[in-house]
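Thanks for coming, everyone. Let me put the sequence and the structure up on the screen, and then I'll walk you through what I looked at.

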Amino acid sequence: LKGDGLEWIVISAIPRSAFVTPVIKNLNLTILWAGFALLVSMILYLFVVRKLLVPLDDLLKVSEEFASGNLEKRVHIVRRDEIGRISRSFNNVADKMQYLISNLETTVKERTKELHKANTDLEQSKDQLQLILYSAGEGIYGMNLKGECTFCNISCIKLLGYNSPEDLIGKNMHAQVHHTNEKGMPISIDECKVIKAVREGKGIKSSDEVFWRADGTYFHVEYRSYPQMKENQVVGGVVTFTDITSRREKESEIHYL
């Protein structure tokens, strides 16, 4: 026989099981290694998820809580890499924000308490001032730079013959009470000593003029006009006056005698 035929005869003489058994073994081994590799991959995947995605998810959840106004939550730091540094920085920011807000709330409460006390003291001072103004025997009224009445006490209303403060508030006091002299000659605003005292920022005193009542009669008056200052600026004036008609009559009588 030739070599090729002999080789064929020899191969044909080998049993079939001699080829199948190793293949099956190799296939089983391959499947086993593939399963082992898959198991290792799953373990590695879970490890990566636990180490990477879980901290990120925790950071996102705490960020959402923080954004909704809950400043009590903090990120649980389990790593020392960039995610851990980000989580640590986030916690530091949250701590500072909570500290600032807590201090702000305390400061606001203190300021509110102080403001309430200041308002209470101011109201008490205002009430005391009103009491003094209303109980004063002198007529007192205030006016702005235009000469309009801003307040007046009871004595002012009675001396001028009005019924209530509303009869004078907002009215030009020069036109109401100081428009004419005793001889019936009109007094212009530029000549009015009361207005001049306010405009020039200098207090004055006068006892030789008259004020006019609501019924058109006049009475001799002694008055003082003072500028009202606020932050070194003149914002109006305050006038105090008394009826000295009786005194003037006695002075005239004495002068006559």
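Phe-211 and Phe-241 are both buried, where buried means under 20% relative accessible area, exposed over 50%, and partly exposed in between, with a 1.4 Å probe and protein chains only. Before I go on: this is a predicted model, so local features need pLDDT of at least 70 and side-chain atom pairs count only at pLDDT 80 or more, while totals for chains, interfaces and linings use all residues. Residues are numbered from 1 along each chain as its sequence is written, and side-chain values use heavy atoms, with hydrogens and water left out.

Back to the rings. A search of the whole structure turns up five aromatic pairs. Rings of Phe, Tyr and Trp (its six-membered ring) pair if their centres lie within 6.5 Å; planes under 30 degrees apart count as stacked, over 60 as edge-to-face, and the rest as tilted. Phe-211 and Phe-219 have ring centres 6.5 Å apart and planes at 80 degrees, so that pair is edge-to-face. Both Phe-211 and Phe-219 are buried. Phe-211 also pairs edge-to-face with Phe-241, at 5.2 Å centre to centre and 65 degrees between the planes. Phe-211 sits in strand S3 (residues 204–212) and Phe-241 in strand S5, so this pair ties together parts that are 30 residues apart in sequence.

What order do the strands take? The order is S2-S1-S5-S4-S3, five strands in an open sheet with antiparallel pairing. At the edges are strand S2 (149–152) and S3, each pairing on one side only. From one strand to the next, the twist averages 30 degrees. For the terms: helices (H or I, at least four residues) and strands (E, at least two) are DSSP runs, numbered from the N terminus, and two strands pair if DSSP finds at least two bridges between them.

Strand S1 (residues 139–144) is joined to S5 (residues 233–243) by six bridges, with Ile-140 opposite Thr-240 and Asn-144 opposite Gly-236. Strand S4 (residues 218–230) has ten bridges to S5, and there Tyr-223 stands opposite Phe-241. The S4 and S5 hairpin has two residues between the strands, and Glu-231 in it takes a positive phi near 55 degrees.

Next, His-178. You'll find His-178 in the loop between helix H5 (173–177) and helix H6 (193–200). At 2% relative accessibility, His-178 counts as buried. Its side chain makes a polar contact of 2.6 Å with that of Glu-209. By polar contact I mean a pair of N or O atoms within 3.5 Å; within protein, one must be able to donate a hydrogen and the other to accept it, and residues adjacent in sequence count only if both atoms are side-chain atoms. Leaving out residues up to four places away in sequence, His-178 touches several residues, including Phe-211 and Tyr-223, with contact meaning heavy atoms within 4.5 Å.

Note on methods. Axes fitted to C-alpha atoms, helices over the stretch in contact; angles between N-to-C directions.
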